[in-house]
Amino acid sequence: MRKPPAIWRVTFVFIKQNRKMEPTNKIALVTGGSRGLGKNMALSLAKKGINVILTYNSKQDEALAVVAEIEKTGVKAAALKLDTGDIKSFDSFFIQVAGILKNTFNTSNFDFLINNAGIGVNASFAETKEEDFDLLFNIHFKGVFFLSQKALPLINDGGRIINLSSGLARFCMPGYSAYGAMKGAIEVLTRYMAKELGARNIAVNVVAPGAIETDFGGGVVRDNQHVNDHIAGITALGRVGLPDDIGGVVSFLCTEDARWINAQRIEVSGGVNL
Ligand SMILES: NC(=O)c1ccc[n+]([C@@H]2O[C@H](COP(=O)([O-])OP(=O)(O)OC[C@H]3O[C@@H](n4cnc5c(N)ncnc54)[C@H](OP(=O)(O)O)[C@@H]3O)[C@@H](O)[C@H]2O)c1
């Protein structure tokens, strides 16, 4: 058979390389998708053809910019305000989610819940204030517990839930006793959720990043050279993490290839404190 002319071959390669991922009919809900790791997860999910509803707490403009970036990949996206520490607001939040599912996605359910939103509070065990403890508890543990519980009627059977932990649940650094303990609790909760939700074929896993350069904790890992160097020095791969190191792992857990991964703690830290 005769080869097609060179111009056709070049055009074909160009189209192939620039082809957008075919949209799936899957939908992910990512909490804290306006910045940092959640933004990276949302974009990575979109690149796999997964539609995204992301939430923000204070930064609506950033959230809308992420929505616009996601839409450029050819999937649908929407942003909603949510304070994951305000458990009483969850019923009205899911009424809004149901409305978006109907109006934007023409469906009544979604597939993947990514419990990512979070804050960092650095205080020694001796000096941790009760209000900071309660804030961390509500955002990092109670909020994740009840947001996931209230999401259940909207999650399709066969869906996935991914919780976010931290390297700090495995090893200790002074200043993170409350935060690290909440993340430890999330890891136990993940296994219980996996056990009970297996009946609906919903897999539940927990991703534990090492220190990543984001705004988290006032941006200390990114902006404080001493902290950055220290963490790089105790990391086998010799650097701190970047948001791009995390999003792809979370989006992989939402693919068919990851269907048999369940109840696992997946640390994504470059091998810190080995
Ligand atoms: N960065 C790290 O080194 C690191 C390491 C291990 C684990 N983690 C975990 O990874 C997750 C994301 O951290 P990150 O580094 O991406 O943080 P980040 O850059 O500070 O972003 C935090 C995100 O969470 C949202 N958020 C904050 N408080 C919230 C609340 N009360 N209700 C709802 N949303 C809220 C923010 O929304 P707005 O933009 O609207 O404020 C933002 O989207 C957290 O669970 C954190 O514990 C981070």
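Which residues are buried in H3? In this predicted model, the buried residues of H3 include Ala63, Val66, Val67 and Ile70. Looking down the axis of H3, the buried residues sit within an arc of 105°, so they line one face of the helix. Turn to the face pointing away from that buried side and the exposed residues Asp61 and Lys72 show up. The length of H3 works out too: helix H3 runs over residues 60-72, and its 13 residues at 1.5 Å a residue should span 18 Å, which agrees with the 19 Å between its end C-alpha atoms.

Now for the ligand. Around the ligand there are 30 residues, and those that come nearest are Ser34, Arg35, Ser58, Tyr179 and Thr214. Arg35 puts a polar side-chain atom 2.7 Å from an oxygen atom of the ligand. With Asn57 it is the backbone that takes part, a backbone N or O atom lying 2.7 Å from a ligand oxygen atom. On its own the ligand would expose 900 Å², and the protein buries 96% of that.

As for what makes up the shell around the ligand, its residues split into 11 nonpolar, 14 polar and five charged. Three helices each supply at least two residues of this shell: H2 (36-47), H5 (130-151) and H6 (177-197).

How values were computed: Residues numbered from 1 in each chain as written. Predicted model: local features only at pLDDT ≥ 70, side-chain atom pairs only at ≥ 80, totals over all residues. Heavy atoms only, no water. Near = heavy atom within 4 Å. Polar contact = N/O pair within 3.5 Å; in protein donor to acceptor, adjacent residues only side chain to side chain. Areas by Shrake-Rupley, 256 points an atom, 1.4 Å probe, with all protein chains shown as cover. Helix = DSSP H or I, 4+ residues; strand = E, 2+ residues; numbered from the N terminus. Nonpolar A, V, L, I, M, F, W, Y, C, P; charged D, E, K, R; others polar. Expected span 1.5 Å × (residues − 1). Buried < 20%, exposed > 50% of the residue type's maximum accessible area, 1.4 Å probe, protein only. Arc of directions from axis to C-beta.
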